[in-house]
Protein chains: 2
Amino acid sequence: MRITISDIAKLANVSKSAVSIVLNNKPGVSDKTRSKVLETIKKYNYSPNHIAQSLATRETKSIGLITKEINNPYFANVMKGVYDTCSQLGYSVLLGSSELSCEKELEIVNALLGKRVDGLLISPLQNEDSNFAYLSNLLRDNYPLVLLGEVKNYATNSVDIDNFAAAYDAVSYLIKLGHKRIAHLAGSVHSLHGQKRLEGYKQALNDNNLAINKNYIVSVEPNIASGFNAGRQMFSKVVELPTAVFCYNDLVAIGLVNALHQMRIPVPEKVSVIGFDNIDFSQYVQIPLTTIQMPAYEIGKSATTLLIKQIASPGDVLNEKIIMRHELIVRNSCAKYKKGRA
Amino acid sequence: MRITISDIAKLANVSKSAVSIVLNNKPGVSDKTRSKVLETIKKYNYSPNHIAQSLATRETKSIGLITKEINNPYFANVMKGVYDTCSQLGYSVLLGSSELSCEKELEIVNALLGKRVDGLLISPLQNEDSNFAYLSNLLRDNYPLVLLGEVKNYATNSVDIDNFAAAYDAVSYLIKLGHKRIAHLAGSVHSLHGQKRLEGYKQALNDNNLAINKNYIVSVEPNIASGFNAGRQMFSKVVELPTAVFCYNDLVAIGLVNALHQMRIPVPEKVSVIGFDNIDFSQYVQIPLTTIQMPAYEIGKSATTLLIKQIASPGDVLNEKIIMRHELIVRNSCAKYKKGRA
DNA sequence: TAAAGAAACTAAAGCGGTTTAGTTAATTTG
DNA sequence: CAAATTAACTAAACCGCTTTAGTTTCTTTA
C-alpha cells in the first residue's frame with residue numbers, strides 16, 4: 001500500500017495539517033517542523049495522492065481537449081500547442097475526439113465533465129443535427145471553456161482565424177492569376193469553418209464579377225480519399241472544366257492532386273490547386289502545395305493560455321474572441337491562367 | 001453547487017448506500033427503490049463525481065500514454081489506436097510526450113502516477129543517460145505497464161515489431177535490386193528501435209558479403225530537417241557515393257529525398273531511398289516512398305488491450321511480448337542498380 | 001405460529017487529502 | 001508581570017463517493 005499523509009504525519013511526529021501546510025508551501029509552521037517534515041517526505045519518497053487533493057480542493061489540474069480527428073495532422077500541431085502549454089503550467093490534458101460525430105462530441109463532453117476536468121477546449125462540430133444544449137449549460141454555469149473555432153449564436157471564448165477572409169484571400173489569389181472558372185471542394189457537415197470558407201469563396205467571386213457556378217461547388221469530407229473521389233468526379237466531365245480549385249483543406253487538396261495526376265491532368269499547368277491549413281507535409285507532397293497557413297500550434301497555445309486564465313479567475317466572465325493571423329503560402333500548385341486549357 | 005449523492009438520497013428518501021447500489025447496478029435493493037432512485041437521478045440530471053469514485057475505489061479509469069513526439073505522424077496513429085480502444089472500454093487517456101528527452105520522460109511518468117492513472121503506455125527512450133530506475137520500481141510493484149517498444153534488460157509487457165528483421169528485410173530488398181553501396185541514416189539517441197534497425201542493416205550486409213563502411217552510417221534525429229542535412233552532407237562528397245540508403249524512418253527519408261532533389265540527384269534513378277513506418281503521407285510525397293509498414297494503429301490497439309487486461313487482473317503477473325507483423329511496401333523510391341552511376 | 005433464513009436497507013467508517021476553528025505556546029505590550 | 005497578541009500547532013469536519021457490518025423487515029419452514 002502506498003504511503004499517505006497520515007503516515008508521514010506520524011513518522012514526523014506532527015499532525016496531518018502540518019504536513020499539508022508544508023506540502024502546499026503555506027505559512028503556519030516553524031522552519032524546524034517544516035524541514036523535519038520535508039526530510040521524512042524525502043526519506044520515504046512520499047508524493048501526495050492527486051485524486052484526494054482534487055476531491056478536497058475541487059480542482060483536478062487537468063483540462064479536456066476535444067478534437068475532430070485524432071490523427072489529423074492539423075490537430076497534431078494544435079495538440080502540441082495545448083500540451084506544451086499545459087505541461088508548463090502544471091496541467092494535464094485528457095484526450096477527446098469527436099471523429100466528426102455530433103453524438104460523440106456530446107458523449108465526450110459529458111465523459112470529460114465526469115472526470116471533472118477544470119476546463120474544456122473544444123473544436124466544435126456544427127451539423128444540422130448538432131445538439132448544443134450542452135454549450136448553453138456550460139455557458140450558464142460560467143464553466144471554463146474555449147472553442148477552437150466557433151458555433152453560431154453562441155458567444156464563447158474562442159480562438160480561430162478569420163476563415164472568411166482567408167478563403168477570400170485564397171480565391172482572390174487565383175483570380176489574380178487570371179483564373180475565371182474556379183471550383184471549390186467545400187467542407188460542410190463538420191464545421192462552421194466550412195461554411196465560412198464557402199462564403200469567402202463566393203464573396204471573392206462576386207467582388208470580381210465572376211458568376212457562381214453550382215456545379216463548381218461540391219462538399220467533401222476533410223480527408224484525402226474524399227478529395228480524390230470528388231476530383232475524379234468533377235474532372236471526368238468534358239466541358240467547362242474549372243482551371244483552378246480552392247480546397248477546404250490540404251488533405252482534400254492532396255487527394256485532388258492525386259486524382260488529377262491519375263487522370264493525366266497536369267498541376268499546375270492545366271489546373272491550379274490551393275489548399276488550406278499548411279500542414280507539415282504540404283511542402284513535401286508531389287506538387288508542393290500553395291495554401292493558407294493556419295497557425296495551428298499557436299492556436300493551441302493561446303487557447304490553452306486563455307482557458308487557464310479563465311480557470312484561474314472563476315469570478316469574472318471572460319469573453320475573448322481571439323483571431324489569429326493567416327497567411328498565403330505560395331508554392332508550386334498554382335500557376336497563371338493561360339488560354340487553351342481543358 | 002453541483003448535486004451530490006446525498007442530495008439524491010434525501011430527495012428519494014433512501015440512504016446514500018442505496019443510491020450507490022443503483023448507480024453501480026449492484027444487487028441489494030428492491031425494484032421499487034431502484035426505479036425510484038433512477039427517477040430522481042434523471043429528474044435532477046445527477047451524475048456521480050468521478051473523482052470521489054476514484055478515491056473510494058482506488059481506480060481512475062484512465063491511463064497515461066507517453067509518446068516520444070506528440071506531432072509525429074507515426075504516433076498520431078498509435079494514439080488513435082489507443083484512444084479508440086480506451087473509449088470503447090470506458091477509459092480516458094492522459095497525454096504525455098517525452099519530446100525525446102529522458103528527464104522529461106521521467107517527469108511525465110511521475111506526473112501521471114501522481115494523477116493515479118490505472119496504467120501506463122510508454123514509448124521509451126533509451127539513451128546512455130537514461131534513468132530506468134522508475135521502470136524497476138513499477139515492475140517491482142507489478143504496476144500495469146506496457147511498452148510500445150522495449151528497453152534493454154527489462155522484461156515488461158510490450159508490443160512492437162521485430163525491428164531487426166524489418167531492417168534486414170529492407171536492406172535485403174536493396175541488395176536484391178543490385179545495390180552494393182548502401183548507406184544508413186540511422187536513428188540513435190532516441191531509442192532501441194534505432195539500434196535494432198542498425199543491427200539488421202549490418203547483418204543484411206554481412207550475410208551478403210558486403211563490407212560495412214563506417215562513412216555510410218550516420219546518426220540523425222528522427223525528423224525531416226535532420227534527414228535533409230545528413231543527406232546534403234553525405235552526398236556532397238565526390239567519390240564512392242552510396243547508390244541506395246536505408247533511412248531510420250519516413251521523415252528522414254523525406255528529408256533525404258529533398259536534399260537529393262536539391263542537389264539534382266534523381267531518385268530513384270541515381271539513388272534508391274527506403275524509409276520506415278509507412279506514415280500516411282509517404283505515398284503522397286514527391287517520390288512515393290518504398291518503406292516498411294509499421295502497424296501503428298494496431299500497435300496502439302493491442303497495447304491498450306493488453307494494458308487493460310493487466311489492470312483488470314491485478315493478481316497475475318503478465319509478461320507478454322507481442323510482436324506485430326511488418327511488411328515491405330514497394331513504391332517508387334527504389335530502383336534496380338545500373339552501372340555508371342554517381 | 002414461532003424460529004430461522006433471506007432480502008432490503010442503512011449507519012458509519014474509510015479513501016487521502018484540505019481547511020476551519022480552536023488550543024497551546026511564545027512574544028509583545030502597557 | 002499580567003494581559004493581550006501573535007505564532008505554531010492540531011482536532012475534527014469535510015470533499016463525494018464505496019463498502020462493511022449491522023439492523024430491520026419479509027419469507028420460509030417445521
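User: Which element gives the most to the surface near DNA strand D?

Analyst: In this predicted model, α4(B) gives the most, with 5 residues. A helix here is a DSSP run of H or I of at least four residues, a strand a run of E of at least two, each numbered from the N terminus. Local features need pLDDT of at least 70 and side-chain atom pairs count only at pLDDT 80 or more, while totals for chains, interfaces and linings use all residues. Residues are numbered from 1 along each chain as its sequence is written, and chains are lettered from A and ligands numbered from 1 in the order in which they are written.

User: What makes residues count as surrounding DNA strand D, and how many are there?

Analyst: A residue is near a strand if its C-beta atom, placed from the backbone, lies within 6 Å of it. By that criterion 27 residues surround DNA strand D, with B:N49 and A:S15 among the closest.

User: What is the make-up by class of the surface near DNA strand C?

Analyst: Ala, Val, Leu, Ile, Met, Phe, Trp, Tyr, Cys and Pro count as nonpolar, Asp, Glu, Lys and Arg as charged, and the others, Gly among them, as polar. The surface near DNA strand C therefore divides into 11 nonpolar, 12 polar and 3 charged residues. α4(A) gives the most to this surface, with 5 residues.

User: Why are residues of chain B said to be in contact with chain A?

Analyst: Contact requires C-beta atoms, placed from the backbone, within 7 Å; 31 residues of chain B are in contact with 31 residues of chain A. To this side of chain B, α5(B) gives the most, with 6 residues.

Key. Two residues are in contact if their C-beta atoms, placed from the backbone, lie within 7 Å.
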